Amino acid sequence: MDASLPAHMRPERSFQGFILALQRFWAEQGCVILQPYDMEMGAGTFHPATTLRALGPNPWNAAYVQPSRRPKDGRYGENPNRMQHYYQFQVIMKPSPPNLQELYLKSLAAIGIDSAVHDIRFVEDDWESPTLGAWGLGWECWCDGMEVSQFTYFQQVAGFECAPVAGELTYGLERLAMYVQGVDRVYDLNFNGREGDAKVTYGDVFLQAEQEYSRHNFEVADTTMLFEQFKMAEAACKKYLDAGWREGGNKKQHLMALPAYDQCIKASHVFNLLDARGVISVTERQSYILRVRELAKACGEAWIHTEAGGAA
Amino acid sequence: MPDLLLELFSEEIPARMQAKAADDLRRMVTDKLVAEGLVYEGAKAFATPRRLALTVHGIPARQPDLKTERRGPKIGAPDAAVQGFLKATGLKSLDEAKIQRDPKGDFYIGLIEKPGRDAIEVLAEILPVIIRTFPWPKSMRWGARSGKPGSLNWVRPLHAITATFGLETEEPDVVKFEVDGVAAGQTTYGHRFMAPDAIQVRRFEDYEAKLLAAKVVLDPERRKDAILTDAKQLAFAQGFELVEDQPLLDEVAGLVEWPVVLMGSFEPDFLATPAEVIRATIRNNQKCFVVRDPKTGKLANKFILVANIEATDGGATIIAGNERVIRARLSDAKFFYETDLKTKLEDRLPKFEQIVFHEKLGTQAERIERIKHLAGLIAPRVGADVVRVERAANLAKADLLTEVVGEFPEVQGLMGKYYALAQGEDASVAAACEEHYKPQGPGDRVPTDPVSVSVALADKLDTLIGFWAINEKPTGSKDPYALRRAALGVIRLIVENKLRLDLYVPAIFQSLFFADRTISAFEKDVAKKAASLDFVEPGLAEKLAERAREIARSDRVLEGGFDHYHALIQDLLAFFADRLKVQLREQGARHDLVDGVFALGGQDDLLMIVRRVEALGKFLESDDGKNLLAGTKRASNILSIEEKKDKRTFDGAPDAALYGLAEEKALAKAIGEVKTEASAAVAKEDFAAAMSAMAKLRPPVDAFFDKVRVNDDDAKVRENRLKLLNEIRSATRAVADFSKIQD
């Protein structure tokens, strides 16, 4: 931890200071620090900086905060740690560096978790995303019995083998910050690190949003519109994919993988909303997941035919 | 002789894979050594979260030299053959070959000497192959090399290999090999946090000692012992008792290299939640042990955690952190439990209409209806109250939809009982919610309350009949729906509760649930077979027909005729017979006695089968039994020879007028008496008495064979005597088919 930081910027005092400390740490490891993707998504993994960039041979090191929307996890602001909107901090390094575990442990030290007094453990947890056609092996990282991060070596994304393999770290920011700040309720987190009148809590920023979105997600979200949006996003994704293929010399190239993938992200989020509204039956659920996966796979296929995807 | 030390140092290996991996490593290396002619003295393998280690001691320094002879061409064979022989044997000229005389001519014999290689060379060859082909249940690629084909797959990234070989008295050599950029050497690392520096090792003895100094306990058994001893002491010191949990201990020992046992507590208020839920929460989510009060046996508000470090603050931070997580987890569990209590079990049932039990077997709601129906049929047969049984069958699955069971599937049934009691259900009904899943395996308790027994039988029988109806029976090692276990459950429920239960009637009714075509054939069939069905149970034919009409009205339809269902249930009953045979054999009963009883046919009363087998076993231990068996076998043998000769059977009553000898008359008389007496005893299910009646046959049978020649010259007398022999056989069939029994 940086001792020269003013009190209100210290990661154990301030949620934003906590995020800044992580960003700074990973910037020092050579990551590009991105800003959140401007679309609604269920996890930081959906960000094209992870899903698409994990594919192809080009090196890629990035870190970013991604707001994650899980409509079903809304609790009207009444649960101390479950929310339909929260932050993930995502790190992706391709190829996975040999000292990724050490880097991860140093990042914990940078946010005030000292491995001399905390019990840090790597507990088996294989990761799989049926909607992304992706899987990897790794761990959930425990700090004193609490899961604080996911650590995954991506083996496959969008149905394609990762070559080389990327290492992915996902920190649950609120949960870690609650631990470091010593609060039991997420809304009590000190957001800006100030005290007294100047103090802004997580609740000040997000409690009303949690209440409103819970109502929206469970009770009111317009299902007719959402079903329509799903179909439209699916059709648009396919349309952009079809339109993007070019014969460049003797190689196939794709010129619109990213816009097409946006529609895949859209379809996935719309599906999550429909699921929260309880209008998708058990059998239909599987077929929706498969439909999103097909889009993700087709986008992955397109991506590896782009320049950043390694098609020189 | 020299020793091998091998260590594969990696990122954290999943706890559940460690024991098997250590064993695989030992087996693969030693098998390969033996195959290479290197017979070793001993080997031991170890695993920690970050390493697999193997020591093999007493390996010969060199392989033995191998001498083999190779037969070549005949003397004077064409040059091409000679050249080929020289090339294959490595001989310079035919002068170096021997000549062997043979009836077919003289042949060249080449002596090939293969000098043994140094063991270290052999190791350098076999170890990388073993590493590359190691059977991890799941393995992965990593790092820059994973961009190219053929990169190493390991359970998690492999960082270092230690491989040394040498005598105790000398500086050992490194076994020189490389796998995917990792070269074998003598460097390993200590505990991730407490002693992360590199360590130079020579051989197993200093390796293990240096690791210990670097806060790594290599041997998982030592880690387990340490955890168990410390946990017990820590609990004891505070007046508690550790709730031992072997699978948890195994897992926890695989999560730490340096176990440090600490105790934490939680608010006593949480103890209002059922103990099983508290334990499941603490165990599954947090991998911690629970403790109890030795006086009351009740859980205490304490838990025991196993950390991987000796923290500089004595563990205070670690305990506080774990307490926070456990508090949060327990509040979730408590919240789930309290939420569950707000909804009555029966109010959850409509949801089952949305949940598919099996694609071809309908929804959970349909299954519950079927279980209820079948349990209702079984109830009067086992002396249970039908109202209670149907109530229990209706509620027994409802807890599957509760929050607590959603979170902890292993407390299914048990939660059903808690929730049933909480909503004021009858004690038997509540017990059945838990017990209807039992017995789960050969070691599990068999319920005795008739309500539980009825629902437990119905639950298992419905599963079996359903999967039989869609032809998904277990085959070989494949039994994805655990149908063998279900059948064994039925057997144990019946036999251990000493139930008289003809499974056929309830089963045939139940099978109609799985019907799907027109009923007219079925009705006609039942009408045709009315007499024989009514013999099974008065009015059965009409009841079946009525049931078929009911099904037709509910817009489902019956496939095939009655025979279809009859055959299905017969096949299922034969499966029970099979499982019972296995069960009886496992309990030490002679399999031929079991076969002898089953050969009688129509045995669907499992308890009677068991009793017959028991009585038969006792009888055949007596002299009377042994001799009667011999006599019966002799009669059977003669009969089968003569039946073959005449191409006919000798059924039918013998003609008393044709008896010439006193022994014939005596035997005929005895058979008559024994038949009556034995059948009466069998009817009373007194198999011991039936056996003693049988024993009376022995003297006349012995006398008959002594004095009477069966194959008399008079064809009529011969036929009559053969008929008499047949009568012996049929008399003994009152208890078993003696021809299946071995001497």
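Tutor: Strands first: two strands pair if DSSP finds at least two bridges between them, and strands (E, at least two residues) and helices (H or I, at least four) are DSSP runs numbered from the N terminus. The model is predicted, so local features need pLDDT of at least 70 and side-chain atom pairs count only at pLDDT 80 or more, while totals for chains, interfaces and linings use all residues. Residues are numbered from 1 along each chain as its sequence is written, chains are lettered from A and ligands numbered from 1 in the order written, and side-chain values use heavy atoms, with hydrogens and water left out.

Student: OK, which residue stands opposite B:Leu66 in β6(B)?

Tutor: That's B:Lys114. The strands there are β4 (residues 66-74) and β6 (residues 105-114) of chain B, which pair in the antiparallel sense over 7 bridges.

Student: How many bridges join β5 of chain B to β6(B)?

Tutor: 5 bridges, with β5 (residues 98-102) and β6(B) running antiparallel. One pair to look for is B:Lys98 with its bridge partner B:Ile109 in β6(B). A hairpin takes you from β5(B) to β6(B) through 2 residues.

Student: What actually holds paired strands to each other?

Tutor: Strands of a sheet pair through backbone hydrogen bonds, either parallel or antiparallel.

Student: What's the strand order in the open sheet of 4 strands in chain B?

Tutor: It goes β13-β15-β16-β14, with antiparallel pairing. β13 (241-242) and β14 (260-265) of chain B are at the edges with a single partner strand each, so one side of each has no neighbour in the sheet. As for β15 (residues 289-292) and β16 (residues 299-307) of chain B, they pair antiparallel over 3 bridges, and B:Arg292 stands opposite B:Leu299 in β16(B).

Student: Switching topic: how is chain A divided into domains?

Tutor: Into domain 1 (7-217) and domain 2 (223-303); bounds like these come from an automatic or database domain assignment. Their C-alpha centres lie 25 Å apart. Counting contact as heavy atoms within 4.5 Å, 22 residues of domain 1 of chain A touch 21 residues of domain 2 of chain A.

Student: How much area is buried between domain 1 and domain 2 of chain A?

Tutor: About 2100 Å², with 70% of it from carbon and sulfur atoms. Buried area is the accessible area (1.4 Å probe) that two parts lose on being put together, summed over both.

Student: And how many salt bridges cross that interface of domain 1 and domain 2 of chain A?

Tutor: The rule (a side-chain nitrogen of Lys or Arg within 4 Å of a carboxyl oxygen of Asp or Glu) finds 1 salt bridge there. A:Lys72 and A:Asp275 form a salt bridge, with their closest N and O atoms 3.4 Å apart. On the domain 1 side, α2 (48-51) and α5 (202-220) of chain A each supply at least two of the residues touching domain 2 of chain A.

Student: Now the two chains. How many residues of chain B are in contact with chain A?

Tutor: 40 residues of chain B are in contact with 38 residues of chain A. Together the chains bury about 3200 Å², 52% of it on carbon and sulfur atoms. On the chain B side, B:Arg141, B:Phe193 and B:Arg324 lose the most area to chain A, together 20% of what that side buries.

Student: How many salt bridges does the rule find across the interface of chain B and chain A?

Tutor: 7 salt bridges. In one salt bridge, the side chains of B:Arg324 and A:Asp184 meet at 3.6 Å, N to O. Three elements of chain B, α1 (15-35), β16 and α8 (316-341), each supply at least two residues of the side touching chain A, and α8(B) gives the most, with 7 residues.
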